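Good morning, colleagues. Please look at the sequence and the model on the screen before I go through the fold.

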Amino acid sequence: MNRQLIGEILVKTSGLAQKSVSHALRIQEEKGGRIGEILIGMKAISEADLLKALAIQFGMRFLPELPHDGLKIDFTEKVPIQFLKKYRMVPVITPSETFLAANDPLLFQPMDDLRLILGLDGTEVVLSPNSTIFSAINFAYDMRDTSAEQVIQDLHEEDTDRIISEIEGTGDLLDDTSDAPIIRLVNLMLSQAVRHRASDIHIEPAQKRLKIRYRIDGILYDMLSPPKHIQASLTSRIKIMAKLNIAEKRLPQDGRIEVKIGDKNIDIRVSTIPTAFGERVVLRLLDKTSILLKLSDLGMSMEGLDKFERFIQSPHGIILVTGPTGSGKTTTLYAALSTINTTDINIITIEDPIEYQMEGIGQIQVNPKIDLTFANGLRSIVRQDPDVILVGEIRDLETAEIAIQSALTGHLVFSTLHTNDSASAVTRLIDMGIEPFLVTSSVISILAQRLVRTLCSRCKEEYSPDEESLRSIGIDPKMALGHIIYRRAGCSSCLETGYRGRTGIFEMMVLSDPLRTLILKTSDSNAIKRLAVQEGMTTLREHGAQKVLDGITTIEEVFRVTQ
């Protein structure tokens, strides 16, 4: 049987121009190579286009996604991860089907070897994109039974004196097959934290024990309890990876580690402090491959989103985002910047630290050691002809004054403040020493925010709360009629917490003329808030109550973050 030519199939299926095929054939004659790969290199087709055409040519199925639910991962004990990554293939064994997913239908020998090793003779081969295959490989090897708990059981006294070798560069931690139990423990601790979506790892020494906790969705959970005798080795391993001084145990130290865990690039900030029972280590995990959220993904109401999008298009003025540490202020500001980031405006930021790298934006990292403070950096930014400036945080009078002057001289300034609600931000600026008339003439709006945990969609339960519970977050029982209210349950998908992921609740105070007049007379945050509410401002608790009525979160969660 004559097999159809790949170029002919692509012309039919992907709308490829015949002249592109001719051009690719000329390149193939001169330099060799496969016609499909040449066309991808020319950007004439995508990888998916080629795989669909190869599927037709070889009579195979094309699967853009592979199943993860119920996936059997026994093969990870028999097949090295490097073999699967080299040949870009993965066995997919679920209760309902078994097949091999490959990226190249011509790798007959490695496919046969894999079938032989796993006893899968005659199993169907399907075609999948590279990224899908690598994601499935990483998922399987990350989930295998060599859990951190088992490694802890392997840690015997003699291992604590073992020389800790250093990982150079950013090799994939899942590929690291080191036998040193401490190295395995650190690698597994990091990959487990990433799998559970943890933002921080706390290694906390006590008098007779060592505790490792993960912060997941803003709450700390006890995860591991390694033996006390490995404390020094564990801390040293992390300090070596962060290029810190392992001999210095009396002073706090800060460093960073860049690692690759599966298909994620993770930037880890390491902080150590000396305590009575040894060094306490906190690792903050930042997933550099995570996609920047859009404004519409943050959880604002439609009305709030419309207002905020109008404000961020303003030619000048200050927009403040307030809330405690870890309430998502930076994420909101990055989402705002990515919305207005076009080639015709100049955006410069000064941050501590830079949490996301953004294309087309000048980002400056604060460095107090060389006297590059927010205030000094901001002075230099103003000379760089910016249209929009982001100041990571207004911490002192000097920074506040320069930010306000920048806003008054035609720049749009975004910044954050640590205050409990939007009205308190005005009080904070005036307490810092800013004249009330400068606040009223420069600040356009103040957005206060918190993060509430969202209910796990797999296990949430409907129930009828009592009137007292509803009133605790400002819901009139009559308002609840016609709404389904849920409470948390707990399942394996959400680590038995009942919650998975977080969303924002917001309070946006717009500086109207009546509010400006009031601020010139008083800086009392209660009076300012009362007037803002009279003018129609939705408070944090009211927005949280709406999320409860919409079935997104629980009464307890809204009460926890707004009390």
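This is a predicted model: local features need pLDDT of at least 70, side-chain atom pairs count only at pLDDT 80 or more; totals for chains, interfaces and linings use all residues.

What percentage of the 563 residues of the protein chain count as buried? The value is 50%, where buried means under 20% relative accessible area, calculated with a 1.4 Å probe on protein chains only. Residues are numbered from 1 along each chain as its sequence is written, and side-chain values use heavy atoms, with hydrogens and water left out.

Let me begin with the overall picture. The protein chain has 21 helices and 19 strands; these are DSSP runs numbered from the N terminus, with helices being H or I of at least four residues and strands being E of at least two. The C-alpha trace spans about 90 × 70 × 60 Å along its principal axes.

I turn now to a helix pair. Helix 1 (residues 6-14) and helix 4 (residues 47-58) have axes that come within 9 Å and cross at roughly 120°. Axes here are lines fitted to C-alpha atoms, for helices over the stretch in contact, and angles run from 0 to 180 degrees between N-to-C directions. On the helix 1 side, Ile6, Ile9, Leu10, Thr13 and Ser14 meet Asp49, Leu50, Ala53, Leu54, Ile56 and Gln57 of helix 4, contact meaning heavy atoms within 4.5 Å.

Six strands form an open sheet in the order 7-6-5-10-9-8, with antiparallel pairing; two strands pair if DSSP finds at least two bridges between them. Strand 7 and strand 8 (253-261) stand at the edges with a single partner strand each, so one side of each is left without a neighbour in the sheet. On average, neighbouring strands are turned by 25° against each other, direction ignored.

Within this sheet, strand 6 (residues 210-216) pairs with strand 7 (residues 219-224) over five bridges, and Ile212 stands opposite Leu224. Their hairpin has two residues between the strands, and Asp217 there takes a positive phi near 55°. Strand 9 (residues 264-275) is joined to strand 10 (residues 278-287) by 10 bridges, with Ile273 opposite Arg280.
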